[in-house]
Amino acid sequence: MNSAVCLLERASEKYASRTAVQDEDISLTYAEYRRISRAIGTAFLRMDGARPVIVYLPKSTHALTCFMGAMYSGAPYIPVDAHIPMRRLEKIIAGLAPCYIVTDENLIANLRECDTSEARVCLYSELSSAEADDALVDKALSRVIDTDPIYVMFTSGSTGSPKGVTIPHRGILDYAEWVVSTFEFNENTVMANQAPFYFDNSTFDIYGCMRCGGKLVLTPETLFMFPLKLPQFLDEHDITSIFWVPTVMINIANSGVLSDYTLPKLKNVAFCGEVMPNKQLNIWRKALPHCSYANLYGPTEITDVCCYYKVDKEFGDADPLPIGKACENMRVLILTEDGREAPVNEAGELCVIGTGVALGYWNAPEISAKAFVQNPLNPFYSERMYRTGDLAYFNEDGLIMFIGRKDNQIKHKGNRIELGEIETAAMCVEGVENACAIFDSNKQEIVLFVETKGTLPLRRFNVELKKYIPQYMLPSMLIPMEKLPHTANDKIDRVTLRKTLE
Ligand code: AMP
């Protein structure tokens, strides 16, 4: 079987009665997980056949069975935030149509404000109560090849529309294999998930657990607002492994709560998504010295992770942490502007080749062609390479060190944001003639400069902006100007604007 859903097939054969996933309300064994997912796959096949499935549900076991259900029908799934602005969802639907949207009785009312004419809206409760037709599902699965898309995950796009990163089944199959062997997972592994499902860090948890027959516990999202309570949750649920964003790890370290716990069951602490400062990592290491720690790196475009560093020595609080070396089946190149391999200690763009590289951005050949290119070091055959836009270098020990971004993409509280997407949304607000978003790294906040004749109170402005962009992209400060400054070649002068914040 070439579909990643074979991981669920195998786990449900070997570990049928063991708990596969659990949220606050529901716990599913591997056999139940498979049965419900097959029922959902059958329902899709009986409706309009295999079509991309947008899963518009809260993070839950229900959402997971929908992902698997899409795969059983032979189609990719598209996880979206339950708080997604309707204008953003419309753009996603338009790019995927014709497609399904799966939702529940609570969220369906929001869709009234959304143009869903090109999508078929389905209720989870109806899909999951269908009777599975195994012959129908098996036939659909037999047509899937491992270069087919497993999911499309939307990330912020600089032109204002989110980009649909399209990942193949092979990416996830190889990734799950790497996760299990690198972290020595087995059927006794218990993972506490943090990453939202529309963020690809969640694939570590979902497929890592499924590959080894472990248990995936969906940590209630509200707990992440209360770092003091998280170690208690890990303790109570006998968690053995976590893969969380540094923002959460930092909040826990700074709260001082770690010194109250020993967490003897916890073995693996991995993190990814932004820079992890050694200052806070050292607090974790001191409080929980029996755990192993790993810094993983990767953008959504390469199946979550392409390099990693298992922390194997002491670091000073101010030292940078390596992002390490390439994962299995991945190759990392650091290329100079003119396409040469950068020598040791020289910065270049981090570029990636391997089975995890995305198929491209869904329905966007032009932006795909810019990011996914031929490896300039290989003139012999076609070899696709993803240009991350991140700057990095190899140190003397052969480890990759992360420097930062080449462009206007930022990481804010673990979320990837293109400042251009905020600017495009701002231009949709009445009275705004031009806009420029700047990230103030000292204060860790987004500042929006707007060219306008009128006055715009921040709160009212953000109510408008929320129709287009998610909460985490909203600016903390709004600076109205009669005219934004321009450079000699008539671009907005970001340098001058940034200086006004100093
Ligand atoms: P995303 O697509 O949301 O996973 O964001 C990918 C971007 O996050 C990368 O291109 C990096 O800029 C940043 N990133 C991911 N992992 C790390 C890490 N371990 N250290 C520093 N930055 C990271």
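Hi everyone, let me begin with a definition: helices (H or I, at least four residues) and strands (E, at least two) are runs assigned by DSSP and numbered from the N terminus. With that in hand, G256 follows helix α10, and the phi of G256 is positive, near 80°.

A word on the model. It is predicted, so to speak of a local feature we need pLDDT of at least 70, side-chain atom pairs count only at pLDDT 80 or more, and totals for chains, interfaces and linings use all residues. Residues are numbered from 1 along each chain as its sequence is written, and side-chain values use heavy atoms, with hydrogens and water left out.

Let's stay with α10, which spans residues 246–255. Is this helix mostly covered or mostly open? Mostly covered: 7 of its 10 residues are buried, where buried means under 20% relative accessible area, exposed means over 50%, and partly exposed is in between, using a 1.4 Å probe and protein chains only. The buried ones are P246, T247, V248, M249, I250, I252 and A253. They pack against α9 (230–236), β11 (241–244), β12 (268–272) and α11 (278–287), with contact meaning heavy atoms within 4.5 Å.

Next, domains. An automatic or database domain assignment sets the bounds, giving domain 1 (329–405) and domain 2 (410–499). Their centres, taken over C-alpha atoms, are separated by 30 Å.

Now please look at the open sheet of 3 strands, ordered β24-β25-β26 with mixed pairing. The edges are β24 (432–440) and β26 (477–481); each has a single partner strand, so one side of each has no neighbour in the sheet. On average, neighbouring strands here are turned by 20° against each other, direction ignored. Two strands pair if DSSP finds at least two bridges between them; β25 (residues 445–452) and β26 run parallel and are joined by 5 bridges. V447 stands opposite M477 in β26. Helix α13 (residues 419–427) lies across β24 and β25, at about 150° to β24. For such angles, axes are lines fitted to C-alpha atoms, for helices over the stretch in contact, and values run from 0 to 180 degrees between N-to-C directions.

Finally, the ligand. How many residues surround it? The count is 18, and the closest are L296, T300, D390, K411 and R416; to be near, a residue needs a heavy atom within 4 Å. A polar backbone atom of L296 is 2.8 Å from a nitrogen atom of the ligand. T300 has a side-chain N or O atom 2.6 Å from a ligand oxygen atom. For K411, a polar side-chain atom lies 2.9 Å from an oxygen atom of the ligand.

Note on methods:
Polar contact = N/O pair within 3.5 Å; in protein donor to acceptor, adjacent residues only side chain to side chain.
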